[in-house]
Amino acid sequence: MNQNVAEKVVVITGASSGIGEITARHLASLGAHVVLGARRLERLEAIASEIRAQRGRAEIAAVDATKRQDVEALVRTAETAFGRLDVMINNAGLMPLSRLDQTKVDDWERMIDINLKGVLYGIATALPIMRRHNGGHIINIASTAGLRVRPTMAVYSATKFAVRAISEGLRQEATAYNIRSTIISPGPTETDLPRQRHRSGCCGGGPRTASDRHAVSVRGAGDSLRDQPARRSGRERDRPSTNRVVLERRSRKQIGSWIRCSIP
Ligand SMILES: NC(=O)c1ccc[n+]([C@@H]2O[C@H](COP(=O)([O-])OP(=O)(O)OC[C@H]3O[C@@H](n4cnc5c(N)ncnc54)[C@H](OP(=O)(O)O)[C@@H]3O)[C@@H](O)[C@H]2O)c1
C-alpha cells in the first residue's frame with residue numbers, strides 16, 4: 001500500500017463510469033477513502049459496494065455537476081464521513097461532437113455547464129476548505145483536445161482549453177496556501193464517452209481495442225498522490241498496461257505544471 005495515498009480523502013465527480021470510476025477503484029485499492037459523485041446513483045452504489053467488499057472505504061452522493069449545491073453536498077458527504085477533504089478530482093464531463101454550422105446550441109450549453117462550470121463548482125467548493133486546512137490537491141481532468149482543436153470538437157476543445165487556463169490560474173494563486181493543482185489531459189480512452197468521438201476521430205486517435213479499456217497513463221502529476229514512479233527523462237516511455245492511473249510525485253517546483261498524457 002502506498003502510504004502517500006492511504007487514508008487520503010478523495011472526492012471524484014463523474015465516478016459512475018470510465019476514467020472517474022477506474023480512478024476511484026484504483027485509489028481505493030491503495031487505501032484512499034473515496035467519495036463518488038455522479039447522477040447514476042445505482043452505478044455508484046454498485047461500485048462502492050465492490051470497493052467495500054475489498055475492504056476499501058467509499059461513500060457516494062447523487063450529483064449533477066451543473067448544480068453548485070450538488071457539488072457542495074458531495075464534499076459535505078466527504079467531510080461528514082471522513083472528517084476532511086484532501087483531494088478533489090473534477091472529472092465529470094461529456095463530449096457531444098458536431099460541426100459549428102450544425103448549431104447544436106443545446107449541446108454547447110451542456111458542455112459548458114458540465115465540463116467547465118462543473119469544474120469551477122468543484123474548485124469553489126474545495127478551495128475554501130483546503131485553505132482553512134492549509135493544504136489539499138485539486139485535480140482537473142482536461143483532454144488532449146484542450147491542446148489542439150479538430151473539426152467537430154470546437155466547443156468541447158474550448159471547454160478543455162478553459163479547464164487548462166483555470167488550472168493554471170489556480171496553480172499560480174493557490175500554491176501559496178499549500179494547495180496543489182494538477183491538470184490531467186488524457187488522450188483517447190475507451191469509455192462511455194467516445195460513442196460520439198468515434199464518429200469524428202476525437203483527440204487525434206481512433207477507437208482503442210477492448211484490451212486498452214480504462215488504461216490511462218498520467219505523467220507528471222502533483223505530489224499528493226503517488227502510485228509508482230513512471231518518470232524517465234523527458235519522454236513518455238512508461239505505458240501502464242491496464243486499470244492503472246499513475247499520479248506521479250514531482251519536485252515542488254514542478255507541481256501544477258500542465259501534463260500531457262496518453263494511453264498505450
Ligand atoms: N474518454 C476519452 O477519450 C477522454 C479523453 C480526454 C478527456 N476525457 C475526459 O475525461 C472525463 C471523464 O470522461 P470518461 O471518458 O470517463 O467518460 P464517461 O465514462 O462517459 O464518464 C463521464 C462521467 O461524467 C459523469 N457526468 C456526466 N454528466 C454529469 C453531470 N451533469 N453531473 C455529474 N456527473 C456527470 C457521468 O456520470 P452520470 O452519467 O452518472 O452522471 C460519468 O460518470 C471527462 O471530463 C472527459 O472529457 C475523456
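Mentor: Start with A61. A61 touches G37, A73, L74 and T77, leaving out residues up to four places away in sequence. Touching means contact: C-beta atoms, placed from the backbone, within 7 Å.

Trainee: What kind of model is this, and how are residues numbered?

Mentor: This is a predicted model: local features need pLDDT of at least 70, side-chain atom pairs count only at pLDDT 80 or more, and totals for chains, interfaces and linings use all residues. Numbering starts from 1 along each chain as its sequence is written.

Trainee: What is the mean pLDDT of the protein?

Mentor: The mean is 80, and 72% of the residues reach 70 or more. pLDDT is the predictor's confidence in each residue, from 0 to 100. Over residues 198-264 the pLDDT is below 50, and this stretch has 148 contacts in the model beyond near neighbours in sequence.

Trainee: Why does A61 count as buried?

Mentor: A61 has 22 C-beta neighbours inside 10 Å. Buried means 20 or more other C-beta atoms within 10 Å, exposed means 12 or fewer, and partly exposed lies in between, with C-beta atoms placed from the backbone. A61 therefore counts as buried. A61 is found in strand β3 (residues 57-62). Strands (E, at least two residues) and helices (H or I, at least four) are DSSP runs, numbered from the N terminus.

Trainee: How far apart are A61 and L36, in sequence and in space?

Mentor: They are 25 residues apart in sequence and 6.4 Å apart in space, C-alpha to C-alpha.

Trainee: What are their phi values?

Mentor: T152 has a positive phi of about 75 degrees, although T152 is not a glycine. Phi of N178 is near 65 degrees, also positive in a residue other than glycine. Most residues other than glycine have a negative phi. T152 is in the loop between β5 (136-141) and α5 (154-174), and N178 is in the loop between α5 and β6 (179-184).

Trainee: What makes strand β1 largely enclosed?

Mentor: Five of the five residues of β1 (residues 9-13) are buried, so β1 is largely enclosed by the rest of the structure. V9, V11 and T13 point one way, and V10 and I12 the other way.

Trainee: How do you know that β1 pairs with β2?

Mentor: Five bridges join β1 to strand β2 (residues 33-38), and the two run parallel. Pairing takes at least two DSSP bridges. V9 stands opposite H33 in β2.

Trainee: What makes a set of residues a nonpolar core?

Mentor: The members are buried Ala, Val, Leu, Ile, Met, Phe, Trp, Tyr and Cys residues, joined through C-beta atoms within 7 Å. The largest such core has 58 residues, and V10, V11, V34 and L36 have the most contacts inside it. Helix α4 (residues 105-132) gives the most to this core, with seven residues.

Trainee: Which residues come nearest to the ligand?

Mentor: Of the 32 residues around the ligand, G14, G18, R39, R40 and G93 come nearest. A residue is near if its C-beta atom, placed from the backbone, lies within 6 Å. Helix α1 (residues 18-29) gives the most to this shell, with three residues.

Technical notes: Two residues are in contact if their C-beta atoms, placed from the backbone, lie within 7 Å.
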